Amino acid sequence: MKLMSRLFGAAAFAALSSTALPAFADGGTLVIASTQVPRHLNGAVQSGIATAVPSTQIFASPLRYDENWEPQPYLAKSWDVSEDGLTVTLNLVDNATFHDGEAVTSEDVAYSIMTTKANHPFKSMFAPVESIDTPDAQTVVINLSSPHPALLLALSPALAPVLPKHVFDDGQDIKSHPMNATPVGSGPFMLEEFKPGEAIVLKKNPNFFLEGRPKLDEIIVRIIKDPSALLIAMENGEADMYPFMAGSQEIRRLEKADHLTVTADGYAAVGPINWLAFNTASPKLSDVRVRQAIAYAVDRDFITKALHRGVSSPQRGPIIEGSPFFDASIPAYDTDLDKAKALMTEAGFADGMELTIDYIPGPKEQQQSIAEYMKSQLKKIGIDVTVRAAPDFPTWAGRVGGHDFELSMDIVFNWGDPVIGVHRTYLSNNIRQGVIWSNTQQYANDKVDSLLNAAAVEIDPEKRKALYSEFQQIVATDLPVYWINALPYHTAYDAKLQNVPTGIWGSMHPLDMVSWGE
Amino acid sequence: MTASFLIRRIGYGLLLMLGVVVLNFLLIRLAPGDPAVVIAGEMGGATEEMLESIREEYGLNKPLVVQLGIYVGNVLTGNLGDSFFFNQPVATLIAQRILPTILLVVTAQVLSIAIGVFLGVIAARKPNGVMSAFVSVFATIGYAVPVFWTGIMLIILFASVLPIFPVEGMQSVKLRDAGVFVQILDILHHLILPAFTLAIIYLAQYARLSRASMLEVLGSDYIRTAKAKGASQRSILFKHALRNAALPILTVAGLQFGNLISGALLVETVFNWPGMGRLAFDSILRRDYPTIMGVLFFASAMVVIANILTDMSYRLADPRLRGKG
């Protein structure tokens with residue numbers, strides 16, 4: 001026993017001491033910790049953070065975005081939108097190559113956009129793209145059926161990876177293409193190893209077309225599904241960066257670690273909204289006054305300040321409050337129990353009613369705790385709420401997608417432009433039985449439909465903003481959804497790391513400037 | 001005689017495996033939830049057409065009996081299918097994880113037998129002594145405490161409060177390029193907490209079992225004879241008594257192997273150990289049918305093999321059993 005413990009102790013300390021790495025100016029390894037498991041690494045056919053973080057390192061894209069929502073050159077050194085908004089021309093750099101040595105040409109860009117259009121779940125991103133011309137190897141001409149102001153944002157790394165046509169265009173279904181697990185791109189890092197559900201190892205691309213980048217030698221994405229284990233790994237220095245951290249306890253705890261910096265910057269385009277959806281087809285909820293009564297009964301401030309320890313922020317409308325399109329003048333439904341009771345009486349439910357609330361299986365404080373708080377709060381206006389937990393995602397998705405729910409809590413992303421992440425929830429032609437994250441509220445309003453359709457093609461930013469303002473006023477009155485709070489995404493990272501991305505896409509963006517400081 | 005015994009045992013084993021395959025297939029389909037919705041959900045929402053094409057691609061729109069027939073046919077030809085979630089062959093996913101699971105389970109098995117039997121023997125020496133009481137109390141606690149709780153407590157104690165062990169995983173990612181020796185040390189370093197967590201529950205059982213078994217043997221005539229001959233205490237305990245007391249331990253060890261594998265599922269989840277148990281757990285949540293069935297297939301194969309090996313070693317250890325069917 002003694003000998004054994006001595007041996008183990010010696011081994012433990014030997015391994016432990018060798019994990020302490022010296023500081024690098026250039027080079028070095030960045031270990032990103034994540035609780036999310038990517039299916040594969042091809043962001044052209046898969047949305048979500050889990051794929052986007054590695055995919056934006058492996059694949060370059062036509063444009064990238066800074067923290068002011070301004071497009072910046074990437075594979076396209078310049079671009080031009082025609083006056084009528086129907087043609088977008090991209091001029092590509094001439095020195096970009098894929099990791100296998102082949103040049104990146106206009107053919108690859110055209111193929112990638114058309115493939116993404118056909119296969120990515122966000123149909124609205126490239127829906128108006130009719131055809132793409134490639135007059136020469138460096139010129140891409142995108143022809144649109146209608147003006148499409150969301151197009152430039154959709155050319156971001158998180159949404160429009162440029163795929164090598166010579167690798168993927170072989171007749172196989174791209175959604176299950178074997179190369180999705182071992183992709184070849186033209187981004188700053190090349191895939192070395194992908195262990196599904198465990199780790200992704202990325203090595204520096206020595207032939208990256210932006211000179212002097214990337215700074216790091218290696219990025220390793222470690223998947224640690226248990227958040228508490230992940231926290232300890234961050235505290236112990238086993239991991240260097242934890243993006244998309246949303247738990248208030250996690251945030252408060254890592255803020256206390258001396259060697260870590262914690263920031264909320266870098267999530268403007270993600271727009272993660274936690275909300276309560278109403279099944280407007282239910283006889284109990286079809287009356288807007290009942291929905292408004294529920295809104296008046298709930299106190300957003302209690303949720304953000306007490307339940308979330310002040311790390312999350314209230315969200316009043318369908319467009320994330322940090323977006324340039326958000327309209328702050330929409331009704332906020334400040335808590336007013338008398339008004340709520342009066343509305344219930346007006347709607348003919350003076351004796352109250354019974355309702356069931358579902359919630360997406362996820363972080364307790366964003367879902368279950370709020371559902372339980374609502375139960376106690378709604379009791380005050382005569383609504384007897386049953387909180388119905390789902391054992392797992394498929395069960396919840398089956399209920400909500402199948403319209404078998406009354407109230408349901410959910411987290412839905414804006415994805416930068418309202419066309420991409422907002423329209424889907426409110427357009428009446430997107431009421432689709434069995435499809436999650438469609439208009440499962442079954443909300444239909446002709447005026448809303450026409451406003452959204454007009455905003456989708458309006459190229460004048462001011463006019464577009466006005467259209468979205470009107471839309472927000474209407475849905476904030478109709479309340480197919482009661483928006484609760486923005487998910488408090490934070491990034492924790494080793495304070496020695498330099499240039500951690502704080503643009504609108506956070507780490508769903510090339511980490512080519514990140515380096516280890518002294 | 002032994003050969004025919006072996007052939008019969010393997011034959012039973014194969015039949016059992018076939019039953020396991022069919023049963024697993026049917027059981028897993030009883031769970032609510034549609035894998036197509038999960039896949040589409042993971043992709044970020046989908047249209048009806050996409051859901052339909054996913055069902056088509058994975059054969060989920062065929063009648064259940066047809067799906068079962070196809071699956072059994074594939075398994076018989078050695079094809080476990082592709083994971084719905086990762087789009088990779090299930091065999092590849094399992095190949096990446098089977099060694100970590102075997103490492104964990106075998107280490108835990110060895111630790112629990114070695115330490116458990118040692119404690120049991122010590123306790124049996126003085127049945128009413130302090131050590132004996134300690135073993136009894138420890139065994140009761142070890143058996144009663146849930147394995148995931150032990151794991152979390154060990155993590156808090158030895159990875160957070162007193163950070164001498166890594167909190168999760170099997171290897172430190174920063175040591176990927178280190179020499180073989182350092183890597184082995186690193187894996188051992190990561191192995192200690194999960195292996196102990198898994199071992200504790202069985203360790204307690206072995207301690208109790210060997211204590212009881214030893215007490216019985218220590219009362220026999222030949223032990224008295226050995227004592228009369230002047231054999232040393234150590235020689236009596238370990239040479240004369242333990243060998244005879246070992247038979248029930250061996251039986252239990254074989255039977256426990258299946259439990260160890262299911263225990264590994266929890267331990268792997270707690271410690272983020274990259275083994276088959278965690279793959280199974282995640283796959284169940286994702287309704288990734290082929291992966292779940294592939295893992296269960298391998299897990300039951302391991303149990304069947306372990307049982308055959310136990311039967312054989314039992315025959316080796318006890319000459320009286322040889323020649324019996």
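A residue counts as buried under 20% relative accessible area, as exposed over 50%, and as partly exposed in between (1.4 Å probe, protein chains only). By that rule A:Arg464 and A:Asp417 are both buried. This is a predicted model, in which local features need pLDDT of at least 70 and side-chain atom pairs count only at pLDDT 80 or more, while totals for chains, interfaces and linings use all residues. Residues are numbered from 1 along each chain as its sequence is written, chains are lettered from A in the order in which they are written, and side-chain values use heavy atoms, with hydrogens and water left out.

A:Arg464 and A:Asp417 form a salt bridge, their closest N and O atoms 2.7 Å apart. A salt bridge here is a side-chain nitrogen of Lys or Arg within 4 Å of a carboxyl oxygen of Asp or Glu. A:Arg464 sits in helix H16 (residues 461-478) of chain A and A:Asp417 in the loop between strand S17 (407-413) and helix H13 (418-421), so the pair ties together parts 47 residues apart in sequence. Helices (H or I, at least four residues) and strands (E, at least two) are DSSP runs, numbered from the N terminus.

Another bridge in chain A joins A:Asp512 to A:Arg213, with the closest N and O atoms 3.2 Å apart. These two residues lie 299 residues apart. A:Asp512 is buried, at a relative accessible area of 1%. A:Arg213 is partly exposed, at 27%. Both belong to a network of salt bridges that also takes in A:Arg64.

Now turn to where the chains meet. Chain B gives 56 residues to the contact and chain A gives 62; contact means heavy atoms within 4.5 Å. The two chains bury about 4900 Å² between them, with 59% from carbon and sulfur atoms. Buried area is the accessible area (1.4 Å probe) that two parts lose on being put together, summed over both. B:Met43, B:Lys174 and B:Arg176 supply 14% of the area that chain B buries against chain A, more than any other three residues.

Side chains of opposite charge can pair when their charged atoms come close. Five salt bridges cross this interface. A:Glu198 takes part in one with B:Arg97 (3.6 Å, N to O). A:Glu198 also bridges to B:Arg278, at 3.5 Å between the closest N and O atoms. A:Glu198 lies in the loop between strands S8 (189-195) and S9 (199-204) of chain A and B:Arg278 in helix H11 of chain B, so the pair joins two chains. Both A:Glu198 and B:Arg278 are buried.
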